[in-house]
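Visitor: I am new to this and would like to know what the words used for a protein model rest on.
Guide: Ask about one term at a time, and each will be set against its definition.

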Amino acid sequence: MITTSVQEYLRDHDHGVWKPILWEGSSALTGTVLLLAQRRFTRRYDHLIHAPLRWFARQLAWLPVYWLGFVPIAFGMRHAVYGLAGERYPHGGWIEIYLYEDIKMTVFFFIFATITFGVLSFHAMLDEKLRVERANASLREAQLLRLSQQMQPHFLFNALNTISSLMYSDVARADAMLVQLSDVLRATLDVGERHLVPLEMELRLLRGYAALMAERFSDRVSIAWQVDDALLACAVPVMSMQPLLENVFKHTVEKRRQPTAITLSAQRQQDTLVLRVEDDSGLLPAAPTASSPPAAGGIGVRNLRERLAALYGNRAAFDLIQLSPAGVRAEVRLPCAS
C-alpha cells in the first residue's frame with residue numbers, strides 16, 4: 001500500500017515523497033500496535049479454537065477499540081510529523097474521517113482475525129496429529145509390554161505351578177485359578193488395539209490378575225476393592241492400573257514375609273476420576289544422587305506416564321506418594337465428565 005500510494009503521489013507531485021510514506025506508514029504502525037495488543041490480551045482464549053463462534057466472539061470485543069483508537073493514533077502521528085516539517089496536515093471533517101477509516105479498520109480487523117484463526121487451527125491440527133502419533137507409539141509399546149511382561153513365560157509358569165500344586169490339595173481352588181487365568185488371557189485379547197477402554201473392562205483384567213497373584217501369595221497379601229459403580233463407564237487408558245498393582249507385588253510383597261494389605265479404588269472428585277493402588281508396607285526408593293540414576297518405576301509405570309501425557313496432556317496426572325509410617329500410594333487422575 002505504501003508503494004502504491006507513492007506511485008499515485010508522484011503522478012501529480014515531484015517532491016515531498018515522505019508524505020505518502022507517512023500516511024500509509026502511520027496506518028501500518030497503528031494497525032500493528034492494535035493487532036499486537038489484541039493478540040496479547042486474547043491469547044488466553046486460544047483454547048476456544050475448537051469452538052469458532054466463541055473464539056470469534058472474544059475477538060469481536062476488540063473491534064470498538066480499533067474504531068476508537070485508530071484515528072487519534074494515526075492522525076496524531078501525521079499531525080506531529082507535518083508540524084515538525086513546518087506544514088499543516090490537511091484532511092476532511094472528523095465525522096467523514098472516522099466513518100471512512102472505521103470501515104477500513106473493520107475490513108482489516110476481520111481479515112486479520114480470519115488469518116489468525118487459520119494459523120491457530122493449523123497449529124492445533126499439528127499438535128493433535130503429534131499427540132495421536134505419540135499415543136499410537138505408546139500403545140504399540142504397551143502391546144509389546146503386555147506380551148513381554150504380563151504374558152511372559154515366568155508369569156504363566158508361576159500361575160500354572162500354583163494351580164498344579166493346588167490340584168492335589170484343593171481341586172476347587174485350582175479350578176477357580178484356571179478360570180481366572182483364562183479370563184485374564186481373554187480380557188487381554190478383548191482389549192485389541194484400543195487406546196481407551198471403559199473402567200469396567202479395565203477392572204475385569206485387573207481383578208483377574210489380582211486374583212491370581214493373591215492366590216500365589218495367599219498367606220502374605222490381602223486385597224480390598226473400593227469402586228464406585230457409577231464410574232464404570234468412564235474411559236481410562238488400557239492397562240493403566242495393572243502395572244501399578246504389579247509394582248506392589250514385585251517391590252513389596254515378594255520381598256516381605258509379613259502380610260501386606262493392598263487397596264484398589266476408583267472414586268470421583270468433581271469431574272476427575274481418581275484411580276489408586278495403595279499398600280501399607282512399601283517404601284519408595286531414596287532420592288537419586290549424582291552417582292545413581294533416578295528410579296523410573298519400571299517399564300510399565302514409565303509407559304503409563306507417557307500415555308497419559310499423549311492422551312490427556314496436562315489434564316491428567318500420575319503420582320507416587322510415600323505414606324507414613326510405611327506404604328505407597330500410586331494415584332492416577334483422569335478427566336471423566338460422564
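Visitor: Where is the place of E215?
Guide: E215 sits in helix 8, which covers residues 199–216. Helices are DSSP runs of H or I with at least four residues, strands are runs of E with at least two, and both are numbered from the N terminus. This is a predicted model, in which local features need pLDDT of at least 70 and side-chain atom pairs count only at pLDDT 80 or more, while totals for chains, interfaces and linings use all residues. Residues are numbered from 1 along each chain as its sequence is written, and side-chain values use heavy atoms, with hydrogens and water left out.

Visitor: Why is E215 called buried?
Guide: Buried means under 20% relative accessible area, exposed means over 50%, and partly exposed is in between, with a 1.4 Å probe and protein chains only. E215 has 18% relative accessibility, so E215 counts as buried. Other buried residues of helix 8 include L199, L206, Y209 and M213.

Visitor: Which residues is E215 in contact with, leaving aside its neighbours within four places in sequence?
Guide: They are T162, L166, R173 and M177. Contact here means heavy atoms within 4.5 Å.

Visitor: What is the reach of helix 8 from its first C-alpha to its last, and what is expected?
Guide: Helix 8 has 18 residues and reaches 25 Å, close to the expected 26 Å. The expected span is 1.5 Å times one less than the number of residues.

Visitor: What makes the pair of Y66 and F109 edge-to-face?
Guide: The structure holds 13 aromatic pairs. For Y66 and F109 the ring centres are 5.3 Å apart and the planes are at 75°, so the pair is edge-to-face. The rule takes rings of Phe, Tyr and Trp (its six-membered ring) with centres within 6.5 Å, and calls planes under 30 degrees apart stacked, over 60 edge-to-face and the rest tilted.

Visitor: Why is this pair said to tie together parts of the chain?
Guide: Y66 lies in helix 4 (residues 63–84) and F109 in helix 5, so the parts joined are 43 residues apart in sequence. Both Y66 and F109 are buried.

Visitor: How do you know that K19 forms a salt bridge with E87?
Guide: The closest N and O atoms of K19 and E87 are 2.9 Å apart. A salt bridge is a side-chain nitrogen of Lys or Arg within 4 Å of a carboxyl oxygen of Asp or Glu, so the pair qualifies. K19 lies in helix 2 and E87 in the loop between helix 4 and helix 5, so the pair ties together parts that are 68 residues apart in sequence. With 16% relative accessibility, K19 counts as buried, whereas E87, with 37%, is partly exposed.

Visitor: Which strands does the salt bridge between E278 and R329 tie together?
Guide: E278 and R329 form a salt bridge with their closest N and O atoms 2.8 Å apart. E278 lies in strand 5 and R329 in strand 7, so this pair links parts 51 residues apart in sequence. E278 is partly exposed at 24%, and R329 counts as partly exposed at 22%.

Visitor: What is said about the phi of M239?
Guide: M239 has a positive phi of about 55° although it is not a glycine. Most residues other than glycine have a negative phi, and most peptide bonds are trans. M239 lies in the loop between strand 3 (235–237) and helix 9. At 5% relative accessibility, M239 counts as buried.

Visitor: Is Q270 buried or exposed?
Guide: Q270 has 74% relative accessibility and therefore counts as exposed. Q270 also has a positive phi, of about 60°, although it is not a glycine.

Visitor: What kind of peptide bond joins S324 and P325?
Guide: The bond is cis, with omega about 0°. P325 is in the loop between strand 6 (317–322) and strand 7 (328–335).
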